[in-house]
Amino acid sequence: MEWQSPAVQQAVSLLLFGCRAAVPALFLAVIWGCCASLRRGRRREEPVMMLEDAPSRAKIPVLYWENSLGRSRSCDIVLPDPTASRDHAVLYRREAGWFVMDSGSKAGTFVNGKKIQTARRVAPGDLITMGSTALRLKRVQPGDLKRAAAARPAKRAPRPAPLLLAATAAQLLLGVQACLQPEAPVFEPLLPLAGLLALEWALFAYSLKGLGRVSFELETLAFLLCGTGLMLLTQASMDDAWMQLLTMAAGVALFCGMIPFMGDLERVMRARPWIEAAAVALFAVNLAFGVASHGARNWISIGPVTVQPSEFIKVAFLFAGASTLDHLQTKRNLTEFIVFSGVCIGALFLMRDFGTACVFFAAFLLVAFMRSGSIRTIVLICAAAVFGVFLILQFRPYIMDRFAAWRHVWEYMDSTGYQQTRVLTYAASGGLFGVGLGRGYLSGVFASTSDLVFGMLCEELGLLTALGAAGVLAAFAVCARADVTRSRSTFYSITGCAAAGMLLFQAALNLFGSTDLLPLTGVTLPFVSAGGSSMISAWGLLAFLKASDERTYAVRRPKERR
Amino acid sequence: MKTTGTRSLVLLALLAAFLFGLVWFTGEFALDGGGWAMQAYNGHLKGGGQLSYAGQVLDRNGVVLAQSVDGQRQYPPDEATRRACLHVVGDSDGAISTGVQSLYRAELAGYNLFTGLAAPDGSSLGNDVRLTIDSRLQAAAYQALGGKNGAVAVYNYRTGEVLCLVSAPTFDPANVPGDLETNSAYEGAYLNRALSATYPPGSTFKVVTAAAAIERIPDLDARTFTCTGSAVINNNEITCDGVHGEIHFADGLAKSCNIVFAELAVELGADAMTETAEKMGFNRSFSIEGVDTKPSSYDVSGAEAHELAWSGIGQYTDLANPLHMMILMGAVANGGEAVQPYLVQEVSSPLGLPGKTGAGSAGPRLLDETTAARLEAYLRYTITSYYGDETFPGLEVCAKTGTAEVGGGKQPCGWIVGFSQREDLPLAFAVAVEEGGYGRSSALPVASAVLQAAAAG
């Protein structure tokens, strides 16, 4: 039978349609499975330590890895004691053991009768005195656990290997589509696909067998997106696909490096000024030697490679913003972070990279709110930002022209609305199941694989798969939120939420910018879009999410713990 | 840690906004996707915007009104049918925006929400669109117009199926004239006058004045009016075509006596006239296949007494839309309640996916039931007593003609609006002939020809 004969072509068409219909189902299964695994796999809110009130022998559970103690109702452990300060002390766990630190109380904090000046390590049996309250640190006894919680039947969480297998199946189905082209079958796309599979299963083996971790949900979700983007790219350009795979490996390496680095929080806190300085220096280099590319001066060339420094600064930004609870309780003001954020966002404005500036601003708001909890501060900052944007537009009104087509793209079909109208037209042409990988027309439009990649997903793979990709990014936010009080430190909670927020906000700018619900700002879709710097930084941000999952730093498997 | 947990709810707010955006986009995708896809630059549309590989447009009897053969859009072999159906079917370029080939372009090109423009088996077949139109009646109406401009609209007032919708000037979609844009004879040729034009209604508006009088003047039939060929109202002369002498209301309507209706309009007053006109569908538009008709208008705010008098006989600033007048006649025939007309019977899809099927829906009540019954009797009397039943042989027609002065040295616009009472022929119609002269001699023969063709079918 000839490949080009109508009968073969029709059979191939039907086969491909089946593949396209199966991919969104696999997306749904993987997202659901990963969320269920995270929800069921995380620790129940059970005490990790106990405090015993010395005179009354009443037991107080210590629920978190970092706990604030004080008279205030917002404290994790409330001291009903008028002589204690509102925020009196912090009790927290580090690799070396439990520590107590006074957070600027009036009466001071005493361990075994001695007033402490700095963080002081405490062991079970030690007596912590705050005001007229004396608490003794105790290990958790079996009787301390709530009976009901212990008796609750544990529904089995999906195992990591089947989840990764499901993601692999989706990638293989995409690979089949990439190979079966109308003119003749091609096998070139199988090579980067093999590379991707090797990378993800190697990381799986290293994490679970090498490091003894129990969870792989976040990585599975990320690889699902990476595979989708990679297979789209094989149709546009094999060189780009190889580049994408290479930077994916670099991103995974960054991910693997960042997690142990963040394991020692004291080291992270010490390194913070250096990270901030490096970020500012990188911006300065960018501003001095930056290359303008399509309206934004956000590239620098180093020999044969061009990089987008702002992508790496995203990672540095979160390091700069977040803090452990003992730092939060002792140094309360945001000034340093506000100044740093102002420098970053200002630099992005100078580069005319407004999309990334928005992503930074959103991350800044998230971090600022999670640190201070003050809605007043946030409103003030937003008001200042609006005023600032207003001032900029007064002096540079032409900036608005870039966004003139917003919500009127059909009137600007061949000028500033060109990209958006093409995205809408081709997205609609794809229907729910797409026209098939490599059979789309949007690929001929500038930035189709980066800024407009959501349109390509819709056109070639269908609306359902495109929504599935959006769902993966939404799942990151759900995971970060679910982990937030289980994290080993507020540093992990805040960076985890901010990283998820950054990914989600950037995805929103990409999706809704290209489909004209928001002005088109030209940012990438994390993990999917072509772009090395953006791929590496997405994995960097994922490391924060991974770190906020307390199981990441639990070396022993839960089986052995019991 | 607890407060950090509470504050992290802000992330859920961001997530909610993101999901809201996705739902919004999906909604727009479902509602507007067809329009997004139908762009000339879209490579998935073979032949670009020319419908070269699109589905068929069929009339109610399966007669092909448009189809694509070997990458060419083809129209029926008979030129009169092509010209008559142009405004309903539309042209290949989509210049006639109210034509089915524009309104259903996406469906004809094969678009559907589920598979977009890509059929699972790799084919690219368009969907077929079957209309309620009868191409025979179209041709009959077009030929009866005899080269004059105007509009013909006929529908089944029980089901809402539009059987005939013709507009002139028209052109041949198979041989689009080169001077279409420059020749004044083709001025407004892209417009479907039945939907998108209004004309002064002339005496057909007396139906509205009559309805207002029926509802507000209890002894209407007992009254006598005196017509001396003219009357002076507010120092202005109102003229009548005849000198009718002592005349009753029913004959006043049958003989279309201006004096009777001028006096009635003044007696009823601007408020009552406006109320009835608006109830009967003036100053609003009707919708057919998503196209809003040009609203008929009746506006006597600030009118002097003689202007009010002229408005009661369909002059002054009165304007009427042919499709609206057809619906109004359908309402009279239906006991006051109008059935909304529709044009597309069915959109089939080659894959058996759910397609659209059309149906008439109950429209607004335009008249009270008793008013409708009495109007029906008067309109029947108009035909039997004045025009003669032989003008509509065997069709049991109730109707009213009109001859509307348009000014500017042009001949009057001829009108007829009405319906057949026959149970097996429940058709309402409106015909307007530009520069037709008397409605009786210009519009009435058109209506009669179309109804006879319908009865013969």
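The questions and answers below concern a predicted model.

Reader: How many cavities of 30 Å³ or more does the count come to?
Author: A general point comes first: rolling a probe the size of a water molecule over the atoms shows where empty space is left. With the limit set at 30 Å³ or more, the count comes to two cavities.

Reader: Which helix of chain A gives the most to the lining of the largest cavity?
Author: The lining of the largest cavity includes Glu311(A), Lys314(A), Leu503(A) and Ser534(A), and its residues divide into four nonpolar, four polar and two charged. At least two lining residues each come from helix 8 (309-321), helix 16 (490-514) and helix 17 (532-548) of chain A. The most, four residues, is given by helix 17.

Reader: Where does the largest share of the lining of the second largest cavity come from?
Author: Among the residues lining the second largest cavity are Leu65(B), Tyr75(B), Arg82(B), Cys85(B) and Pro173(B). By class, this lining divides into seven nonpolar residues, one polar and one charged. Its largest share, four residues, comes from chain B, from helix 3 (residues 79-89).

Reader: Is Leu246(A) buried or exposed?
Author: Leu246(A) lies in helix 6 (residues 238-263) of chain A, and together with Met243(A), Ile302(A) and Val305(A) forms a nonpolar surface patch with about 380 Å² of accessible area. Because the relative accessible area of Leu246(A) is 58% and the cut-off is over 50%, Leu246(A) is classed as exposed.

Note on methods: Residues are numbered from 1 along each chain as its sequence is written. Chains are lettered from A and ligands numbered from 1 in the order in which they are written. This is a predicted model: local features need pLDDT of at least 70, side-chain atom pairs count only at pLDDT 80 or more; totals for chains, interfaces and linings use all residues. Side-chain values use heavy atoms; hydrogens and water are left out. Patches are made of residues with over 30% relative accessible area and no salt bridge: like charges are joined within 9 Å, nonpolar side chains (Val, Leu, Ile, Met, Phe, Trp, Tyr) within 5 Å. Accessible areas come from the Shrake-Rupley method with a 1.4 Å probe; for residues, only the protein chains shown count as cover. A salt bridge is a side-chain nitrogen of Lys or Arg within 4 Å of a carboxyl oxygen of Asp or Glu. Buried means under 20% relative accessible area, exposed over 50%, partly exposed in between (1.4 Å probe, protein chains only). On a 1 Å grid over the protein atoms alone, a cavity is a set of points where a 1.4 Å probe fits but cannot get out, and a pocket is an open set with protein on both sides within 12 Å along at least five of seven lines; lining residues have an atom within 4 Å of a point. Grid points are joined across faces, edges and corners, and a volume is the space filled by probe spheres set on the points. Ala, Val, Leu, Ile, Met, Phe, Trp, Tyr, Cys and Pro count as nonpolar, Asp, Glu, Lys and Arg as charged, and the others, Gly among them, as polar.
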